[in-house]
Structures are given as C-alpha cells and as structure tokens.
Amino acid sequence: MDDMLKEFVVEALDLATNVEEHLLSLERNPGDMNTLNAVFRSFHTIKGGAGFMNLTAMVSACHLTENLFDALRTGQVAVTPEAIEAALEASGFVADQLTALNNGVAPDQLSTMPKSLETMLTDAIESKGVSKKAASAAAPAVKSPTAPVEVASAPAQNQDGNIDWAAYYKAVTPAGSLPEVAEPAHETPQPASVREETEAIKTSLSNADVKQNAPAKEESIRIDAVKLNVLLEVAGESVQAANQAAVLLEKLGQFKFDGQAAPLMAALTETLTRASRYSTELQRATLATRMQPVGRLFQKFPRLVRELARDLGKEVDLNITGAETEVDRVVVDSLYDPLVHMLRNALDHGIETSEERLVANKSPRATISLKAWQEASSVMIEVSDDGKGMDAQRLRDKAISKGLINSHDARTDDEAFQLVFLPGFSTKDVASSVSGRGVGMDVVKTAVERHRGAIRIASELGKGTTFLIRLPIELSIVPTMVVRTDGASLALPMATVQRVVELPETFESVGGQPVLRDLGRPLPVKSLGKTLGYSPSSERVGIVIAAPNPYILSVDSVDGTADLVIKPLTCISTPGITGTARSAEGELVLVISLSFLIDGCKVRELMTN
C-alpha cells in the first residue's frame, strides 16, 4: 500500500468508527442536528478521499448515504429505524472495505457494493414522499454497483485536455469549507465559467476568513508500531544500564581517590547522574507515546450489543463511562476479543427477556455497563449487567458433572464463579450461534493474564453480575517489591502488596493452615518458596496480599521496591511466573504473576479421565 492510500485508510477508519457511534446516538435522539451534520460530513469526507483514490464502490456507498443524510438534515426524510439501519449497513460496508485495504487487499480486488445496500439506501431516500423524478434529482441513482458516481469522482481532464485540479480540490474538500459560486444558467458549463470557478477557488484560498477556518497545522505523525516497540526496548535497556552504572559508582565510592583521580570521580558521578536522569525521561516519554484511551476500543461495542440484543429478542442499553482512561496500546488492541466474549455472555446468559424481567419486577429494558478507570498503577475495566445473576451451586454441579472438578473443589461462591473460566465449561445444554460451546470465557482469562492482569467475578442472584479486569497501565515497566526466598530474587507487583509484617516463630492453626491475626482479622499464611517449589527455608517476613480473600505471603526477606523492565516468558510456561527482569545489580529476577497472587497462589490442575 502506498503512503497516500495508507494515510487515507487510517483516517477513514477512524471516521467510519465514529459514524457508527453517531448513528446509534441518532437512533436514540432523532432530532439531534449536530449528530446529523456530523454523519453527513464524515461520509462526505470519506467519499472525497475515496474518489481521489478511485475506490468506486466506496464512493457509490458514501454518495448515496450522503444524499440520505442531506435529506434527513433538511427534513425531507424522517429519521426512521429503516434510515438508521440503511446507514449502519453502509457504514459497515465502508468499514469492511477499509479493513480489507488495511490488511493488504489491492484496491482493484475490493468487492463491489451489494445491490441490497443500494436498494436500502435508495428506498430510504425515496421515502420522503416526492415524485421519483424529484427523488432522483436529490439522489442520483448509481448506474451500477461498481461504476463511479459522477458528482463524487472528479473528471481527470477538462475541455482543454488538462487535469481539472479545481474539480479534484472540490472532491476532497469538506462541504461548507469554500464560498458558494453561483451556477451558470445554461446546463453545459463553458470554458469561461470553469476558469471563473478556478479563480474563485484561488481567491478563496487567499481569503483571510478561509485561512482562519482552515484545518490547523498537523501536530502529530503516525509511527509504525514496530518502530515504537524497538524504541521502547532501547529506552528500557538504557535505564537498566544507567541503574547498573549507579550501583557500580556507589561501590567505587567506598574507595578513596586522591590527586587527579578525585576530580575525575566527581565528574564521572555528575555525568552518570545526568545520564540516568535523561534515560529515565526518555523511557517515560516513549511510554507516553504508547498510551491510548480505551474509548478507541469501547466505541466498537454499541452496535455489536444493539444487533445481538435484536437477534436474541431482548431490550438492552449499553452505558459507557471512563472512555478517556488511557492504557498501553498493546492492551487496547488485545482486549477486543475478550470484551466481545464478555458482552455476548452477558447478553445471552445474564440478561433476561423483557417478559421475564417484568415478572421479576424489573424494567423490561436491561442495562449493560462498560466502565474504565485508573487505580494506582492499574487500569480497571468493568463489565456489569442487571440481569439474573449467577447461581454458584449450579456452576459447581455443572463443573462436577462435566468432570472438570472434584466434589470438594470450589467450596466458596467466589471459587464457584471462577469455574466459568475453565476450558470446556458451559451451563448451556444446547449450543447456539451465540454461546454454549464451552469456549470464550477461558479465552478471556488467558488474554488478560497474558498482559499480567487478573479478572474477578462478583454476582448476586436476581441482581446481576460484574466482571472486573485489572491490568497494568504500562506493560513494559512494573512497580514491584523485590523479595528473597531460598536465595532466589523474586518480584511481586505492587498492585497486590498492602504492607509488610514480621512473622512469629509459631502460628495459630485453623484446619491445619497456619494463621496470623492482622489488624484483628485472621489471615492464612502461605509460603512463597514452598508454593513455587523452592527448598524449605526460614521465612520470617510476611507480605499482606490484597486479594478477594486476603492472605499473608511468607518470604525470607524484602530487598526493597523497584520499577523493573519486564521481559515476558516466551519459550516456557512456569506456573506463577509471568516474566523476568534484571535488578540494578544485574541479578536475574523472576516476576510473580498478578493473577497468581490474586487467586491465592493456587495452581489449578484440571481433572483428566
């Protein structure tokens, strides 16, 4: 894909996504003129660029949709569900074409505009109750699904045989940006009128008013994600090197330097301090370039929920809050599939039909909420519904009947809710097109944990269910507490660390489990070394872990806190370990998984026949 086409595709995809969001908003507020005008401008802009790129099918779809919205905003056509549906279909077709181009499909290999889409748009336009002749004047029919629309694609040459730059300029300029030029009375423009229009455009470009309304100078550039990742890795390594240099300098400070060595050491200290500061600033600046608002992801879901609710015969509203919350780009890109699974699960399993909700004294229209917010060094994403909730006992019985757990497993409700993440688990006896095949929720947990996150479930029968995802804001750097057990250096994510306590030589015992009272509450004590398979050692330091069921993790000692550059494990999979890092002294550090700590350091082994 050449650079011009690539830039058009990226910008048009953003416009297409916003169009979908505007259309769903318009369905709720048909009289919103700002939204009507915004949709009109978006299709007009995409049409202009597509015409310049000779993407004829896209031009045809955009042109008909633009005509529809011109009629809607002037009141000639009412904002009906049929009009919204036609516009959504057009938006989906344009988005599919842009996605195909983005995936490397050549422009001449794109599909043609479906006849059904042309019919939907034309029918929506002609519903204004005027004669077909007037309707065709307002919205010229497309000659064929693949043929370019004359008003959308500028002629390559004018009557003099030269390129008609004025027509090209008008094709790609948003409506209303240029002063209107009176059309000549005769039908066929003469060369003189063409020259007059060209002069009018030239004059408008030099006009002070137009300059004031012109788009602002481009203040951002698009960078290939691979290049950004390389830059981030280099920045992280530079910080690591600076930290190691600082440690070496501290060790050198134990020696006495006389004569000419003294000023050299002072200069070296100052230089390394400055280098460390700049490398840290470089790393922070690089990380900032990877941050994106989750709204970029959330705005894809209103239409999905709308269409799926319609297919299931349910009435559902999707409420989105916290779309401005920023998170690492990699997380934004990888969360789409997990959130789709969670929304589908809520719609099919959680939300009742309107009739069932009325019987339960609920509003016939259900609500699904999608929220995001920042909490310390984590981003929290919550998907909740006001449906029927989850039956913990039914989940246990189903998992036991499928041979996924033993009868003594999942004794608490919280543990029972976690069963939905087991591969092959489903409460449906018959699979549907939406769910019931035992796949989906295990994919959600796998995707979350791949990014060193954790997911929990809270539910109440008759009230609804909430899925809460915790993810690190930055994937490459994690604030940690570095501890030791059996001589090994291990790092615990600070998101789970509440405080450090001193452990006694003996403990109370409850059900054979050592227990220590912390702030008046008895908490179980679990050995980190024993859990991970290290040799028994004298662990006299405890870390109070913030989890749904809090506990104390015993270790040999605490070395302090550090922001570590994490390298994920790619070749092997070790329970409880999410990656490795290097300490300031250059020592290898194993990073403990956030989900492993929140789950109580449990390694679940599935039953096998």
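1. Asparagine 361 is exposed in this predicted model, because its relative accessibility of 75% lies over the 50% cut-off. The residue is placed in the loop between α16 (354–359) and β4 (366–375). Most residues other than glycine have a negative phi.

2. Asparagine 54 also has a positive phi, near 65°. Asparagine 54 is found in the loop between α2 (33–52) and α3, and with a relative accessible area of 57% it is exposed.

3. Helix α3 (residues 56–73) packs against helix α4 (residues 81–102) at an angle of about 150°, with the axes 10 Å apart. The two helices are therefore roughly antiparallel, since angles over 145 degrees are classed in that way. The crossing of α3 and α4 is left-handed.

4. On the α3 side, the residues in contact include Ala61, Leu68 and Phe69, and on the α4 side they include Ala87, Phe93 and Leu101. Sorted by class, this contact has 14 nonpolar, two polar and no charged residues.

5. The largest nonpolar core has 52 residues. Among those with the most contacts inside this core are Phe298, Phe301, Leu339 and Ile381. Helix α15 (residues 336–350) supplies the largest share, six residues. A second, separate core has 45 residues, including Ala50, Val77, Met113 and Leu117.

6. Which residues does leucine 339 touch, not counting residues up to four places away in sequence? They are Leu297, Phe298, Phe301, Leu370, Ile381 and Val383.

Note on methods: Residues numbered from 1 in each chain as written. Predicted model: local features only at pLDDT ≥ 70, side-chain atom pairs only at ≥ 80, totals over all residues. Heavy atoms only, no water. Core = buried A, V, L, I, M, F, W, Y, C linked by side-chain atoms within 4.5 Å. Buried < 20%, exposed > 50% of the residue type's maximum accessible area, 1.4 Å probe, protein only. Helix = DSSP H or I, 4+ residues; strand = E, 2+ residues; numbered from the N terminus. Contact = heavy atoms within 4.5 Å. Axes fitted to C-alpha atoms, helices over the stretch in contact; angles between N-to-C directions. Parallel < 35°, antiparallel > 145°, perpendicular 65-115°, else oblique. Left-handed = near helix turned anticlockwise from the far one by under 90°. Nonpolar A, V, L, I, M, F, W, Y, C, P; charged D, E, K, R; others polar.
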